[in-house]
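Hi,

Here is the structure I said I would pass on to you. Have a look at it first, and then read on for what turned up.

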Amino acid sequence: SSIVHRMQEVPPAVLAGSGAREYLASYYGAEYVARLERSLRTPPRCSTLRACCAREHTEEVAAKLQAHIDAIGGGFVVRQHAVLNDLLVVEPTVPFVNAVNPAGLLEVTVDTHCGEAVLRGAEIFAPGVMTAEAGINVGDRVAIYADLVGQTAKGTTTKVNNEKSLVGIGVALMGRSQFYTAKSGVAIRLVERLYACPPLNGVMEDQLFLQNLPSAVVAHVLNPASGSLVLDMCSSPGGKTTHVAAFMQGTGRVIAIDKTEPKVDRIRSLCKRLGVATRVDAYAYNAANLLRDDDATATAPAGDCRPPFAPETFDCILLDPPCSGVGLRPCLRDSQSATRLRGYAPFQRRLLHVASRLLKRGGTLVYSTCTCNPDEGEGVVAAALASEALLRLEDARPRVGGAGCSGGGCGSGWSLGEAERLLVQRFDASDAAQDGPAFFIAKFRKLDAQS
């Protein structure tokens with residue numbers, strides 16, 4: 001009988017870390033966590049791209065993108081987002097979920113990250129191939145699986161018996177031996193996809209940037225004025241940095257920080273590609289140490305914007321710190337334990353304190369995380385409201401997500417009031433109507449004087 005991916009009686013667990021399900025269930029309930037896992041296995045139905053051009057030209061870019069999609073087979077319509085006028089939404093006009101039959105095909109196994117990219121429309125490049133059965137030649141149809149355990153030796157010639165998940169059917173463009181010797185290039189072209197997601201990587205790269213909807217909301221919430229001095233504390237790979245720079249219409253400056261030179265190189269490369277390199281200065285620095293000692297302020301040359309910085313230097317600050325990432329879609333396997341999930345918030349609170357010190361009086365601070373873990377979202381906000389006397393929560397407009405949660409799980413010791421919950425934005429990865437990954441956004445204003 002026909003075998004399709006939807007007929008798996010017991011799909012592999014997504015939240016596989018010790019205590020992770022129980023940790024999240026203490027906030028949301030077990031039913032929600034089960035629904036979340038089902039959503040995490042699938043990509044969002046719609047893909048989103050930011051138009052990196054003058055906003056009056058967004059319609060022209062949308063028309064070019066539509067023409068490109070039609071030329072490679074169609075099945076999708078491009079439209080502008082109803083709220084974010086610089087965001088394009090690519091929506092399928094064909095059934096989103098497809099039946100795929102791997103019966104009788106030789107198997108290729110890719111790493112989990114590659115498998116997740118395939119579900120969102122990517123082809124398979126040689127470095128992502130982990131194993132391939134003997135006998136695969138150029139032109140052969142193959143069944144592609146993602147290895148969920150990650151313990152299989154690269155180059156194995158037999159079927160992988162670890163936990164694995166079917167991600168599609170493809171045609172080999174290389175012989176089996178080339179899968180392991182080629183350092184680049186498409187190894188397998190997808191011919192049957194589980195989900196109707198178009199291949200958009202590398203499309204109109206000087207005009208478009210692939211960006212999840214919630215991430216594209218952040219710069220709109222920050223909304224820096226022309227001429228502002230803006231700090232992006234944890235910038236790599238630079239998507240939000242370039243978006244913020246575009247908001248300032250050729251004036252002002254964005255200082256982009258990340259911890260290592262390779263990450264900073266990625267930021268600079270993206271800024272150059274999207275035409276904002278002259279407005280962004282990127283530095284490799286530890287964000288936790290960005291605050292200069294008060295007694296060293298006098299030694300800084302006038303106009304110098306290299307880290308570390310004097311207190312109250314910036315008009316606007318964006319803090320999108322390292323986080324657990326629980327709720328990114330698609331996600332085939334997340335092995336983080338409850339202990340690991342609890343470990344992010346202390347560092348995030350430390351960074352937010354540094355951001356508060358660096359922000360000018362009257363300035364705007366936006367805090368965001370790509371996770372459904374409330375300790376890293378509402379919990380950090382609650383701690384800031386209790387400890388940062390000059391910070392006040394403001395409405396994180398434009399409103400695209402939902403309200404925040406109140407807290408009280410896992411003996412967290414924090415809670416967020418009803419008024420505060422309505423000011424932040426939480427994007428729910430389990431909500432089919434929101435159709436996206438988990439995300440959290442909060443906006444603060446620094447008072448002119450302590451009240």
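Met204 sits in the loop between strand S9 (186-193) and S10. Bear in mind that this is a predicted model. The phi of Met204 is near 50 degrees, a positive value in a residue other than glycine. Most residues other than glycine have a negative phi. Is Met204 buried or exposed? Its relative accessible area is 17%, so Met204 counts as buried, the cut-off being under 20%.

Asn223 also has a positive phi, near 45 degrees, and is not a glycine either. You'll find Asn223 in the loop between helix H6 (213-222) and S11.

While you're looking at backbones, there are two cis peptide bonds to check. Most peptide bonds are trans. Another joins Arg397 and Pro398, with omega at about 5 degrees; here Pro398 is in the loop between strand S16 (391-394) and helix H12 (418-421).

Back to S10, which belongs to an open sheet. In what order do the four strands of that sheet run? The order is S2-S3-S1-S10, and the pairing is antiparallel. Strand S2 (76-80) and strand S10 (208-210) are the edges, each pairing on one side only. From one strand to the next, the twist averages 30 degrees. Strand S1 (residues 47-51) pairs with S10 over three bridges, and Leu49 stands opposite Leu210 in S10. Lying across S1, S2, strand S3 (87-92) and S10 is helix H3 (residues 58-71), which runs at about 175 degrees to S2.

Now for the inside. The largest nonpolar core has 53 residues, and those touching the most other members include Leu231, Ile317 and Phe444. Helix H10 (residues 344-358) gives the most to this core, six residues. Which residues does Ile317 touch, leaving out those up to four places away in sequence? Among them are Leu222, Leu231, Met233, Ala355 and Leu365. A second, separate core has 45 residues, including Phe96, Ile144, Val167 and Cys197.

One last stop is Ser236, in the loop between strand S11 (229-232) and helix H7 (239-247). Its relative accessibility is 18%, so Ser236 counts as buried. Not counting residues up to four places away in sequence, Ser236 touches Asp258, Lys263, Arg266 and Ile267.

Cheers

Key
Residues are numbered from 1 along each chain as its sequence is written. This is a predicted model: local features need pLDDT of at least 70, side-chain atom pairs count only at pLDDT 80 or more; totals for chains, interfaces and linings use all residues. Side-chain values use heavy atoms; hydrogens and water are left out. A nonpolar core is a set of buried Ala, Val, Leu, Ile, Met, Phe, Trp, Tyr and Cys residues joined through side-chain atoms within 4.5 Å. Buried means under 20% relative accessible area, exposed over 50%, partly exposed in between (1.4 Å probe, protein chains only). Contact means heavy atoms within 4.5 Å. Two strands pair if DSSP finds at least two bridges between them. Axes are lines fitted to C-alpha atoms, for helices over the stretch in contact, and angles run from 0 to 180 degrees between N-to-C directions.
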